[in-house]
Amino acid sequence: MKIEQLYTGCLAQGAYYIESEGEVAIIDPLREIQQYIDKADSNKAKIKYILETHFHADFVSGHVDLAQKTGATIVFGPGATTEYDMHSAKDGEVLKLGKVSLKVLHTPGHTLESATYLLIDENGKDHAIFSGDTLFLGDVGRPDLAIKSDLTKEDLAGMLFDSLREKIMPLADDVIVYPAHGAGSACGKNLSKETVGVLGDQKKTNYALRADMTKAEFIKEVLDGIAPPPQYFAQNAMMNKMGYDAFESVLKTGNVPLQPEEFERIANTESALVLDVRTQADFIAGHIPNSIFIGLNGQFAPWVGALIKDLKQPIVLIVPEGKSEEAVTRLSRVGYDNTLGYLEGGLDAWKDAGKDVSSLESISAEDFAQRAKADSLHILDVRKDGEYQSTHLEDATHFPLDLINDNMDAINKDDTYYVHCAGGYRSVIAASILKARGYNNLIDIAGGFGAIKKTDLKTTDFVCPSTL
């Protein structure tokens, strides 16, 4: 028996490769599927099952493409319906894989069709659970993402309570837990940075698995402080349910080199968004006017999903050398399949063609502190609610990046704004969006709040985020 976790940090997502006696199951695959095919081929094995723990909301699964390429059977939990061929398993159904078995445990709550797959070894011992978004390390899945359900989040939270106590907690303490996500995912509130654990530890430390917890207490605690889901979640879940274009065709259309004139023509005639995925330092130094920065070196796909509302939005890219295929791939992971090409030669080619270039002013935290002491400044803190509530500059206005498109009218185009986040990535995203909307008096604070805290500017008293 072979188990391998294939973890993708920028999505905080774990896919799994399980092999026994030449038969393979892939759990929750990413959109780009060749990696799974190559792994099976190198082991002279055949992919038999593609097991989906639920209709993922935070990424587009590779299940449809993988089934078409390999002939493997797609398996969902009870009650799932799709527009493509798949097997909706019964609760307790056992799937044979070589000398091992995978038992389907219906665990509704995160979504109605959510399933946990219990791996039973060749000796009949419960070895591991692949818990999807039902159970994380340190947390459980949010119960507000069901597709077109007339059930309330309280109803789903109650189901999740029952699922955990009836299906998960009775399992032995030494059962290994392989969740779908780790820290950084928006599918839970307080996920651990660890990506593999054991159930006994979760029974002791995970707030949602307290033995003396009532259902009412569980519902209150699991829903307390839950942020609204990112806008792309529902769209990704529907793609996973209905099907989508083959990844190969998306890559063929999107990974196209464009000369400056053609790049500019497409941007203008196709109303394409110019998306700059280089580093924030590169964007600050020079960029195409009205382009939006979301760098590949950060939480790229989730921020694209949160900020670009239309999955069908035409996009043209400014990429670091050799990174065009990666950019198109990572966009497709969250359903943005309408990339139309990238600027060949990057910003240098743009300059050589005599095109206009803009820049963003950025100053150190020390320079900012000196200015703040000498004058009253407009300061925009673009961190998330919990970060801001934990501690912030006394004079800062909270202007969260994830809600920037809804709050644009709250600031004045004639004023100068100093923009910061925690470390410098999100502030440049925010500044690029504001600049593209005509807010030209923007100054980025390099190093963000991490650097600001080292100055003598006054901040509010620190409040532990876990108590908020």
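Visitor: Which residues of α7 meet which residues of α11?

Guide: In this predicted model, Phe-247, Val-250, Leu-251 and Gly-254 of α7 meet Glu-325, Val-328, Thr-329 and Ser-332 of α11. By class, this contact of α7 with α11 has four nonpolar, three polar and one charged residues.

Visitor: What makes Ala-12 buried?

Guide: Ala-12, which sits in the loop between β1 (2–8) and β2 (13–20), has a relative accessible area of 1%. Buried means under 20%, and therefore Ala-12 counts as buried. Its phi is near 50 degrees, a positive value in a residue other than glycine.

Visitor: How do you know whether Glu-21 is buried or exposed?

Guide: Glu-21, found in the loop between β2 and β3 (23–27), has a relative accessible area of 58%. Exposed means over 50%, so Glu-21 is exposed. Glu-21 likewise has a positive phi, of about 50 degrees, although it is not a glycine.

Visitor: Which residues touch the most other members of the largest nonpolar core?

Guide: Of the 85 residues in that core, they are Leu-275, Ile-294 and Leu-317, while the largest share of the core, seven residues, comes from helix α16 (residues 425–436).

Terms used
Residues are numbered from 1 along each chain as its sequence is written. This is a predicted model: local features need pLDDT of at least 70, side-chain atom pairs count only at pLDDT 80 or more; totals for chains, interfaces and linings use all residues. Side-chain values use heavy atoms; hydrogens and water are left out. A nonpolar core is a set of buried Ala, Val, Leu, Ile, Met, Phe, Trp, Tyr and Cys residues joined through side-chain atoms within 4.5 Å. Buried means under 20% relative accessible area, exposed over 50%, partly exposed in between (1.4 Å probe, protein chains only). Helices (H or I, at least four residues) and strands (E, at least two) are DSSP runs, numbered from the N terminus. Contact means heavy atoms within 4.5 Å. Ala, Val, Leu, Ile, Met, Phe, Trp, Tyr, Cys and Pro count as nonpolar, Asp, Glu, Lys and Arg as charged, and the others, Gly among them, as polar.
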